[in-house]
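Hi,

Here is the structure I promised to pass on. Have a look at it first, and my notes follow below.

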Amino acid sequence: MSSAPPSSPAIEIRHGQMPLVVARLRGPDVDAALAELEQRYGDAPGFFDDEPLLLDLSAWTGADRGPTPLERQALLDGLQRIGLRPLAFHGGPHGWQSALRERGLAAGEVQGPVAVRGASPKADSPVTTAVTPPAPSAPPLPSAALVVDRPLRSGQQVYARGRDLVVLAMVNPGAEVIADGHVHVYAPLRGKAIAGARGLAEARVFALALEPELVSIAGVYRTAETPWPDAVRGKPAQVRLASGPDGDKLLLEPLS
C-alpha cells in the first residue's frame, strides 16, 4: 500500500481505562485505515505485543453501506499484524456487528478519559498534565535499549516498551519516539519525544539538537507553541521532570 495517508486521520489508536487498546475507525474508508496502519507500523510488526483490542466503529458514517467481507477481514488482519488481539467492538452498522459477533467478539463500550496514542492534547499553557494520570509505579527497565538507526519520517512512530529508546538518526517533524524509559536521540530531534510513557518520572529526553514539536515525561508535556529557550534550541540538551510546590514541570537544560 503506497498511497499517502489523508490529512485527517482515518484511524485512531488509543488506550482505554481498562487496560484495553481502542482502535477507532474514523470513517467508512477501510483502505485509508489500512494505508495508515502500514505507514505507522509497517516497520514494526508486533508493535502492541498481543494487547487486547476494542474496535470502535461509532464514527462509521456509511450507515447504509456495511463493509464487505474482504474489508472486514483485511482490517482485522491488519490490526492483528501489528500485535493487537480483537476481543470486542462498539457501535457500527449491522453488517459490522453481525460479522464481528460471528468471529467471537463481544459488544463493548468506550468509557472514561483516554490517552491518545499517535496524538497529544493541546496545551493551554506551556507545561500541563495529560488527561490520564501516571501509573502508581513503573516496572523495572531491562538493560537492553531499543536502538533505531534509520531516520524517522512524518507519521512514523517507534515505541520502546519497558526499556530505553536510542535513535541514531534524525527524528523528522511529524514522527514520534516513545519509551517507557529514557529517550536518546543522537541527531536532530524535530518530531515528538515521549519518555516515561507509563509513568516513570525519572525518565529523561536527551538530544544532540533539541528542536521538537512536543516533549513529554510521565504525562507532563510542552509544545513548540511556546518557543524553546535559546540556551537549548537546536543544541545538545536534556529534558527532565522536576517537582515543586507549584506541581510538576519540565526542565530544559543544555548539555556541555
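Predicted model: local features only at pLDDT ≥ 70, side-chain atom pairs only at ≥ 80, totals over all residues.

Let me start with the sheet. Strand E17 (residues 237–244) pairs with E18 in the antiparallel sense, over eight bridges. For the terms: strands are DSSP runs of at least two residues, labelled E and numbered from the N terminus, and two of them pair if DSSP finds at least two bridges between them.

Residues are numbered from 1 along each chain as its sequence is written, and side-chain values use heavy atoms, with hydrogens and water left out.

E17 and E18 belong to an open sheet of six strands, in the order E8-E10-E12-E14-E17-E18, with mixed pairing. Its edges are strand E8 (146–148) and strand E18 (247–254), each of which pairs on one side only. From one strand to the next, the twist averages 25 degrees (axes are lines fitted to C-alpha atoms, and angles run from 0 to 180 degrees between N-to-C directions).

Now the charged pairs. Searching the whole structure gives six salt bridges, where a salt bridge is a side-chain nitrogen of Lys or Arg within 4 Å of a carboxyl oxygen of Asp or Glu. Three of them are worth a look.

Glu176 and Lys192 meet in a salt bridge at 4.0 Å, N to O. This pair links distant parts of the chain, with Glu176 in strand E11 (residues 176–179) and Lys192 in strand E13 (residues 192–195), 16 residues apart. Glu176 is buried, at a relative accessible area of 7% (buried means under 20%, exposed over 50%, partly exposed in between, using a 1.4 Å probe and protein chains only).

Arg198 forms a salt bridge with Asp180, and their closest N and O atoms are 3.8 Å apart. Arg198 sits in the loop between E13 and strand E14 (205–210) and Asp180 in the loop between E11 and strand E12 (183–189), so the pair ties together parts 18 residues apart in sequence. Asp180 is buried at 6% relative accessibility, whereas Arg198 is partly exposed at 35%.

Arg190 and Glu211 also meet in a salt bridge, at 3.2 Å, N to O. Because Arg190 lies in the loop between E12 and E13 and Glu211 in the loop between E14 and strand E15 (214–217), the pair ties together parts 21 residues apart in sequence. Arg190 is partly exposed at 31%, and Glu211 is partly exposed at 27%.

Best wishes

Key: Helix = DSSP H or I, 4+ residues; strand = E, 2+ residues; numbered from the N terminus.
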